[in-house]
Amino acid sequence: MSSIPVKDTGIKDAIDIIKIVRILAAAALLILANTLNVTAFTFVVLSVAAALIAGFDLVLNAAAAIGEKDYFNYNIILIFVAVVGFAAGCANEACLLIIMYQLGSLLLGYAMYRSRKEIFSFIPDDGSDTAEAFREIVSKPTALKSSVLTKTAPIMDMLLKAALLVALIYAVLMPLITEMTYVMSIRRGLMLILAAAPASALISFPLSAETGLALAASHGVLVKNSEVLENLSHVTAAAFDKDEVFADACPKLASISSPILDNGTFKALAAYVAYNSQLRIAVPILAAYKGTVMPQYIEKSNDIPGCGMEVTIHGVPLCIMTKDVFDARNIAIPEKDVRGGFTFYMAVANKYAGRICFKENVNPYAQAVVSDLKEFGGIRTVLLSDDSEGATADFAETVGADEFHYCCTSEKKAEILEEIKTSLDEGEKLMYVSAENGEFHSSADIDARVGDDDGADMRMSSVGVFGLPVAYTASKRVCEIQKVNLIAIVLLKLVLLILALLGYATLWFIAFIDMVLACATVLNSIQVTNDSLISQLKNRMGSRK
């Protein structure tokens, strides 16, 4: 089974080979310029030629950025530093800056390619809906936008502008108040600008988000974008609809029993009661009746969510209700006919006529999902059902939900979700997993849907619900990795700034180290795939299937 291709390998190899040849040619030309006995003018010409051979693409990128008025683009900064370096008499260092940056970018490109190849290997390219949906998600421009990067970008921008000002003051004033030469002050000022420039390592943030999205998708959970993935890491409460999430939309008719009616008559009367009903128990009742219902005989019909349904035929009331309703209406049920579980009773003319027992087809992964979310995230789980209190309580106990709500209409669900969200502390998130259509929008921070609702924050199949704990754990790990990478970037920037001011670095060293850090953060970003908790969850999932 092949995986989703990242890029045409032949094209990438050709591009890399050309880049390597350019780097080698530029290095050879620079060596010749330094070893041959040439004039100063020839030396500068050879150095400039070497820099152009290695970095003409950077010049083109810088020109394009200027055209887009992106004046603080890294390519512009790099070319600016190189040009000023040449003008200040640091030709060797300026040329090496371009060569070492290109070498570092080559290494970074390879690290990115290998990492994304590993990421995409999680999603089998078998023509399935999952593979196609994942392609569509990651192809959107804002799909991998990181909030960490969004929050730090303005700070990085301010730091760069401040560094430009400080570098200018430093280059002008230091020779006036110390014995430092202008060449040295300009060189250190340029190093200061490079050290403060937006780090290439920031490329790791979208990559880590993509890793989390791929892990979730490989386990059947399609997360809309990195913002939803981040919200998922802050989920402390999860509400689940029972129907079509933890159980089939329609229960199965297990048995019928009547002390006064034959099976055919009982099924016929039950079918008339269920004919106009919207309750899910109506479907199996109608399916069990093989005759024809004459709707013109039905005078009145009424549904009571969680309790049952009732009709009037020729002035005679008929109902299929729970035992609680029968008790409230003083309709006696023989003790020997009382059953627990998912059972309803029928009355004709307010007299007991028999019972109907249903069987739930429970999602085999429901209990595992609830227990894993509790164990790995301490997540509070809430069950929402339109069934009676007793049936909902039994089901909640079966799947291990922390709390439950019964007789839930859409309006009641919306109220319950709002109450749960209000009870959460600041920064905590609520996830709602349902099979509702796109017209229903809850107040939950994440609307997860079982089905093909493209508007949902997360979507999955009923089997894909099993992957929720992996998606949650992956989101937590992605956020942790992004924080670690950010700390590493900030610390390195501070070190480089200090080295630049003290003169213990070079232009090419600062640019190359920045690229090395980028490679390290990229490799760190895909470590989420080796997370011990995720591996433990995978093993559990494999043993449960």
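Which residues have the most contacts inside the largest nonpolar core?

1. **Basis.** This is a predicted model: local features need pLDDT of at least 70, side-chain atom pairs count only at pLDDT 80 or more, and totals for chains, interfaces and linings use all residues. Residues are numbered from 1 along each chain as its sequence is written, and side-chain values use heavy atoms, with hydrogens and water left out.

2. **The cores.** The largest nonpolar core has 119 residues. Phe240, Phe246, Met431, Met458 and Leu468 have the most contacts inside it. A nonpolar core here is a set of buried Ala, Val, Leu, Ile, Met, Phe, Trp, Tyr and Cys residues joined through side-chain atoms within 4.5 Å. Buried means under 20% relative accessible area, exposed over 50%, and partly exposed in between (1.4 Å probe, protein chains only). Leu468 is in contact with Val221, Phe240, Val369, Leu373, Met431, Val433, Met458 and Met460, leaving aside neighbours within four places in sequence. Contact means heavy atoms within 4.5 Å. Another core, of 26 residues, lies apart from the largest one. Ile285, Tyr289, Ile313 and Phe344 are among its residues.

3. **The six-stranded sheet.** Helices (H or I, at least four residues) and strands (E, at least two) are DSSP runs, numbered from the N terminus. Six strands form an open sheet in the order E3-E8-E7-E6-E5-E4. The pairing is antiparallel. Two strands pair if DSSP finds at least two bridges between them. Why is one side of E3 and of E4 left without a neighbour in the sheet? Strand E3 (252-257) and strand E4 (298-304) stand at the edges, and each has a single partner strand. From one strand to the next, the twist averages 20 degrees. Helix H10 (residues 263-274) packs on this sheet and touches E3, E4, strand E5 (308-313), strand E6 (316-321), E7 and E8. The direction of H10 makes about 100 degrees with that of E5.

4. **Pairs inside that sheet.** E5 and E6 pair in the antiparallel sense over six bridges. Thr312 has Pro317 in E6 as its bridge partner. The two strands form a hairpin with two residues between them. His314, in the turn, has a positive phi of about 55 degrees. E6 and E7 run antiparallel, joined by four bridges. There, Cys319 is partnered by Ala347 in E7. Strand E7 (residues 343-348) pairs with strand E8 (residues 351-359) over six bridges, again antiparallel. Ala347 has Tyr352 in E8 as its bridge partner.

5. **The seven-stranded sheet.** This open sheet has the order E1-E13-E12-E11-E2-E9-E10, and its pairing is mixed. Strand E1 (221-223) and strand E10 (403-405) are at the edges with a single partner strand each, so one side of each has no neighbour in the sheet. Neighbouring strands are turned by 20 degrees against each other on average, direction ignored. Strand E9 (residues 380-384) and E10 run parallel and are joined by three bridges. Leu383 has Phe404 in E10 as its bridge partner. Helix H5 (residues 129-139) lies across E1 and strand E13 (458-460). H5 runs at about 15 degrees to E1.

6. **H4 with H17.** Helix H4 (residues 91-120) and helix H17 (residues 507-525) pack at an angle of about 5 degrees, with their axes 8 Å apart. That makes H4 roughly parallel to H17. Axes are lines fitted to C-alpha atoms, for helices over the stretch in contact, and angles run from 0 to 180 degrees between N-to-C directions. Angles under 35 degrees count as roughly parallel, over 145 as roughly antiparallel, 65 to 115 as roughly perpendicular and the rest as oblique. Ser105 sits in H4. Its relative accessibility is 15%, so Ser105 counts as buried. Ser105 touches Lys19 and Met515, not counting residues up to four places away in sequence.

7. **H6 with H16.** The axes of helix H6 (residues 147-177) and H16 come within 13 Å and cross at roughly 0 degrees. H6 is therefore roughly parallel to H16. Val148, Thr152, Met156 and Tyr170 in H6 meet Gln482, Leu486, Ile489 and Leu501 in H16.

8. **Ser475.** This residue is in helix H16 (residues 468-502). Is Ser475 buried or exposed? Ser475 is buried, with a relative accessible area of 0%. Leaving aside neighbours within four places in sequence, Ser475 is in contact with Leu229, Leu232 and Ser233.
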